[in-house]
Amino acid sequence: MSDATRQDLSQSNGHVGNGRPETSHHPETDAKREDKHYYGIPPIKHAHWTWQIPVYFWIGGIGAGTHLFSTVAQLLGHEDAALKRASRYTVLVTMILSPIFLIWDLGRPERFYNMMRILKLRSPMSTQSWSLLMFGNLGGLLAARQAASDGLLGRNVLSRLLLKLIPERLLSVLTLPFGLFVGFNTGNLISATSVPIWARNWALMAPTFLASGLSTALSWLSLVLHLTHSGEAKTLRALHRAEKATIVIEAGLIAASLVRMSRWGKPLFSKSVAPLFVGGALLSGIAAPAALLFSGKETRGKSILSSLLVLAGGLAFRFSLIKAGRISADDPEAYFSFASGESAPQPEDKV
Amino acid sequence: MATGFLTDTTVCIGCKACEVACKQWNQLPADGYEFTGDSYDNTKQLSGTTWRHVAFIENPKKRRLTGDVDLVALAEDVTEPLPGGAELDALGRWAFMSDVCKHCVAAPCQQACPTGSIIRNEFDNVYIQPDICNGCGYCVPACPYGVITQVPNDGRAFKCTLCYDRQIDGLEPACAKACPTNSIMFGDVEDLKELAEERVQQLHDKGYTQAYVWGTPEVGGTGGIEGNHSKFILMDEPETYNLPKHPYLPQEKVKGGVIAGAVAAGVLGAVVALAFRD
C-alpha cells in the first residue's frame, strides 16, 4: 500500500459515517444479496416446448385410450361396428397428427428421421418415438382394413387383400401395448428431467397421464357415438360406466400427484396457471363432468356436455402442466431446494 | 484417457479472457449487448452460444472496516491477523467463477438424447455431434446445470465440446490456454483430481478452511451422475455460484415410471372390462 493511500485512509478514519470509512470501494450491503442465488438467474434451462407438445400429449392420449376401449370390447366378444369404426379412424387421425406436431416442434424438422437412428431405453423421447412409429403403423393397418370393409377403397384387389391378409383381432391385441405405452410414457417424458415439479412426481406422472388420456378417449367415443346416433345400447352403457370409473381414478391420481409434488407443485396454483389448472382442468374438466355423470338419469344432452367438458379439461391439464414446468424450472429457489437434499429422486430409492 | 477441466475459482480474476477465447475459437455468435444492472457480469449464464461464462459474485458481508486497513491485503482476502490490530473482511468477497459444461461421468443430456447425437468421444468428453442433432431440445431440461440450450435460428443444441478439435491436434482447450492466472487447468482427470486435493489442502493450511472441491461424486456429482470431469475449487456454498448441491440423474427413475405406467395400464384395462359386465 502506498503511503498516500495509507494517509487517505487514516484521515478518512477520522470522518467515519455510520462507523465505516467513506470510500467508493466499499460496496453497499444489499439485503437482497443475502440469498443464495446468482441474481435470480435460473440455474437450469426450461424446455422450449410450445403448444404442439401439450396438444400432442392430448391427442396421443385420446388415440391410446380409444384403442384400449375398442380392443377390450372386441376381446370380450362385443362386436359393435360403429364403435370399431369410430375407434379405428380416431387412432388413424391422431397418429397422423401426432408426428406432424412433434416434427413441427423440432429445431431441425428435416432431420426427424434421426430419431430412428437408435433405440435408447433410458430416453423416454426415444422410446416415445419408436412406440409412436409402431402404434401409428399398426393402427394405420387396422384403419386400412376398416376402410376396406367400409368400402371406402372401392371394390378392388387391394380391398380384398387388406380384408384377407390383416388378422384384425390379433393385430388389435398386438397394437395395444404400443398404444398404451404412447399413452403413459408422455408422463415419463416430462418427469425424466431436472424440472422439480415434474421430476418430483415421477411415480405418478405416467399413471395420471394414462388415466387422463383414457378419460378423454372415452368422452371422445361417447361424443362421436351420440352425435352420429350410432352405437349399440350396450356400448353406450359400458362407455358411461367406464367414464364414471375413470374420472374418479383420474381425480384420485391428480390429488395424489399434488400431495407428492408438495411445495414444488406451487406453480400449478400461480397466477398465470391457476385459471387453466384449477378452473379448466379441475373444476370444468373433472368436477363438472363428474357431477353430470353421477347425477340422475343419463340423457343424450348431459352425455354430450360432459364429454365436451372432459375433452377440454384434458387439454387444459396438459397445458397447465407444461406451463407450470416452465415456471418451476425458472425458479432458482425451487430447483435449489429440490436439488439440495433428499427430495430429488435418488438411485437407491425404491419404486 | 479421460480429460477434463479443473477451475480454481480462488485465483480467477474475472478477466473473461476464457469467454472471449472460447467465442473466438469456436466462432460462436454474440449474445447481444445486454446490461443486467446486477453486477459487472453482463453475459449472465451458460448457453448454446456461451460455453464459458465467468460469474461475478459480488457478495458483500455485513462487516465493518476499522483500524489501519491494508487495501492490498483486503483485496486478497487475507485472514491472518493484521499489524496494528486492523480488522479485515470489510469488502466481503468479490468472487469470480468461470463456469463451463461439467462433462458428467453419467451425463443426463447424453441419456436423454433420442438421436444418439450426444456421445462420449475418445477423450471421454460429452460431445454433441452437430450433424446428427435434430433440435428436439430434450437435453435442455435434462441438464441439471443449465448448460445446454437450443440456439435460435440454428435450431440445434450446443454446448462446450472441450475443444474436441484442439485436443485432436494435441492442444489444450482455448479457455485454458487463454487463462492468465491458470485458474482454468486442463489435463487428465486423475491428475487434476490430485491437483485439486493438493490445492485445497494448501488453502486449508493458509486458513481458508471453507475451500472444497465441487464435482466429486459426493459434491456436485451426486444422485447417479457419479462425478464431473469439470471440477471446481469453490469457497462458498454451491448455490452462490448458481450450482446445485445435490443434483440427480433424471433418467434414474425411467424404469420405475414405466413400471408404474404398465401397472396403471393393467388396472385401467380391467376397469374398462368390468364396465362391459351387465
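Me: Which residue is the bridge partner of L6(B) in β10(B)?
Reply: K231(B). Strands here are DSSP runs of E, at least two residues, and helices are runs of H or I, at least four, numbered from the N terminus.

Me: What kind of model is this, and how is it numbered?
Reply: This is a predicted model: local features need pLDDT of at least 70, side-chain atom pairs count only at pLDDT 80 or more, and totals for chains, interfaces and linings use all residues. Residues are numbered from 1 along each chain as its sequence is written, chains are lettered from A and ligands numbered from 1 in the order in which they are written, and side-chain values use heavy atoms, with hydrogens and water left out.

Me: Back to β10(B). In which sense does β1(B) pair with it, parallel or antiparallel?
Reply: Parallel, over four bridges. Two strands pair if DSSP finds at least two bridges between them.

Me: Is β10(B) buried or exposed?
Reply: Five of its five residues, 230-234, are buried, so the strand is largely enclosed by the rest of the structure. Buried means under 20% relative accessible area, exposed over 50%, partly exposed in between (1.4 Å probe, protein chains only). S230(B), F232(B) and L234(B) point one way, K231(B) and I233(B) the other.

Me: How many residues of β1(B) are buried?
Reply: Six of the six, so β1(B) too is largely enclosed by the rest of the structure. T3(B), F5(B) and T7(B) face one way; G4(B), L6(B) and D8(B) face the other.

Me: Which sense for β1(B) and β8(B)?
Reply: Antiparallel, over five bridges, with β8 at residues 184-188. G4(B) has G187(B) as its bridge partner in β8(B).

Me: New topic. Where is E197(B)?
Reply: In helix α7 of chain B, residues 189-206. E197(B) counts as partly exposed because its relative accessibility is 46%.

Me: Switching to chain A. How many helices and strands?
Reply: Twelve helices and zero strands. Of its 351 residues, 53% count as buried.

Me: Where does V278(A) sit?
Reply: In helix α10 of chain A, residues 274-294. V278(A) has 26% relative accessibility, so it counts as partly exposed.

Me: How far is V278(A) from S320(A)?
Reply: Their C-alpha atoms are separated by 9.2 Å, and the two are 42 residues apart along the chain.
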